[in-house]
Amino acid sequence: MNLSEWSVDDLQKAMASGELTSEQIVLAYMEQIAKHNHEGAAINAVLEINPDALDIAAALDAERAESGARGPLHGIPVLLKDNIDTGDKMHASAGSLALKDSYAAKDSFVAKQLREAGAVILGKTNLTEWANFMTEGMPNGYSSRGGQVLNPYGPCRHDPGGSSSGSAAAVAANMTALAVGTETSGSILSPASAHALVGVKPTVGLVSRSGIIPIAHSQDTAGPMARSVRDAALLLGALAGPDPEDPATGKAPREREDYTKHLDANGMNGASIGVVREGCFEELEPEQRKVMEAAIAQLERMGARVVDPVAIASAGNEWTLDVLVHEFKADLNAYLAKLAPGQPHSLREVIAYNEAHAESVLKYGQTLLLEAEATSGTLTEAAYLESRIHDIENSRENGIDRAMAEHGLDALRFRRIFGADMPARAGYPSITVPGGFTATGEPFGVTFTARAFEEGVLIKLAYAFEQATKHRRAPRL
């Protein structure tokens, strides 16, 4: 059965009419995984399948017949990045062989939300090991547990992006309806852009971080990866919500939002968009620049007021990895300490495991793990505290907030994922949407950024751009 490019609405209509069941849909995606995960195109996106997926789907079919669908995700298969806990028969390893036998004691908040919405958790996806915070120079999409994810638009030719590369490749190759990735700085936006997808990096605190293997609490978040803005909006609505185990969710609006209400095909008309060029356009290849300039012209044709360029006053400041390096040890140790006996319970034990299995684990080294271990783990160092204060001030009030206020902007527009760093440090939301393809077939995304909890604004702009351009196309596997 070919479900290529079927939307969530398409699948719901088929289930409501009796044309398909959730169980049949799960089987269809399993068939696509069988054809192209390790065989065929061999994109190596899916790390493991949920042994209970078919039983869960059958139970949801029975529930639908008896009492109707719970909502738009009822019976819809979703893949999760392999740093998101599920309290079932699947591992949570962050792609590390050190955690290859680790099972979470309970669902992450994200997994719990999906189950309550009626989604079928289909399996786990490969990723850049430790969400790309293991070492310098590790290729996007590589993990010692899962190997190398390939971009289905050009295996071994186009970068798969990182670190949620498996989630992106699986959605792009129609191995699932939806996927969840995680981002600290660019890890949803980068692979979504590289696979002609819509990726939403939410405001930190909109989606709970509990039960997710961390990098840094100040920047970590999970978010949707989908083939359309509407599908991403449906998934975001299911993921968001308050969680007593995550204090950051206390900052978010208490009332759950239906993000589909922002889907306005005329939403770009009258909007004010600032184009950030500094640090974003200098290294573009001619074909990539052509895609980006065409996207800017498209905004104007759609009735947007385009301010080009917009200078961000703090962009030239010195930015460091100090916040991530220090928070990684503290946050990871807290996560590992709760694992079952026999698993690593500290960053130090992970490093020791890697050293003892260097041939299979340390192909690219572990420089970032070692750098993090050298910190106190107490977040008391001046280097950390000063960097955290610097990041907050210069990414928010002296950065994004100031630029948007001075020019009366609804959003900032970056090329592809460049520019992800500043909103990541601010904890602000971004969305990427397909912007076109180069002559070699490389997907190139357009990214919009707004202020905290303005996901609705971003969805409106991205949807209008998507509907006007229709750049998304499936890869030829």
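A residue counts as partly exposed when its relative accessible area falls between the limits for buried, under 20%, and exposed, over 50%. In this predicted model, Glu 293 has a relative accessibility of 29% and therefore counts as partly exposed. Glu 293 forms a salt bridge with Arg 277, with 3.0 Å between the closest N and O atoms. This pair joins distant parts of the chain, since Glu 293 belongs to helix 9 (residues 286-301) and Arg 277 to the loop between strand 9 (272-275) and helix 9, the two being 16 residues apart. Glu 293 also meets the side chain of Arg 289 in a salt bridge, at 4.0 Å from N to O. Here both partners, Arg 289 and Glu 293, lie in helix 9 at a separation of 4 residues, about one turn of the helix. Arg 289, with a relative accessibility of 31%, likewise falls between the two limits and so counts as partly exposed.

Side chains of opposite charge can pair when their charged atoms come close, and in this model the count of salt bridges comes to 25. One of them is formed by the side chains of Asp 52 and Lys 89, at 3.1 Å from N to O. Asp 52 is placed in the loop between strand 1 (46-49) and helix 3 (53-67), whereas Lys 89 is placed in the loop between strand 2 (77-81) and helix 4 (109-117), so that the pair links parts of the chain 37 residues apart. A network of salt bridges, moreover, links Glu 48, Asp 82, Lys 124 and Arg 145.

When residues up to four places away in sequence are not counted, Leu 114 touches Leu 73, Val 78, Leu 80, Ala 119, Val 180, Leu 235 and Leu 239.

As for helix packing, the axes of helix 2 (residues 22-36) and helix 3 come within 7 Å and cross at roughly 150°. Because angles over 145 degrees count as roughly antiparallel, helix 2 is described as roughly antiparallel to helix 3. On the side of helix 2 the contact is made by Ser 22, Glu 23, Val 26, Leu 27 and Met 30, and on the side of helix 3 by Ala 53, Leu 54, Ala 57, Ala 58 and Asp 61. The residues of this contact divide into 7 nonpolar, 1 polar and 2 charged.

Technical notes. Residues numbered from 1 in each chain as written. Predicted model: local features only at pLDDT ≥ 70, side-chain atom pairs only at ≥ 80, totals over all residues. Heavy atoms only, no water. Buried < 20%, exposed > 50% of the residue type's maximum accessible area, 1.4 Å probe, protein only. Contact = heavy atoms within 4.5 Å. Axes fitted to C-alpha atoms, helices over the stretch in contact; angles between N-to-C directions. Parallel < 35°, antiparallel > 145°, perpendicular 65-115°, else oblique. Nonpolar A, V, L, I, M, F, W, Y, C, P; charged D, E, K, R; others polar.
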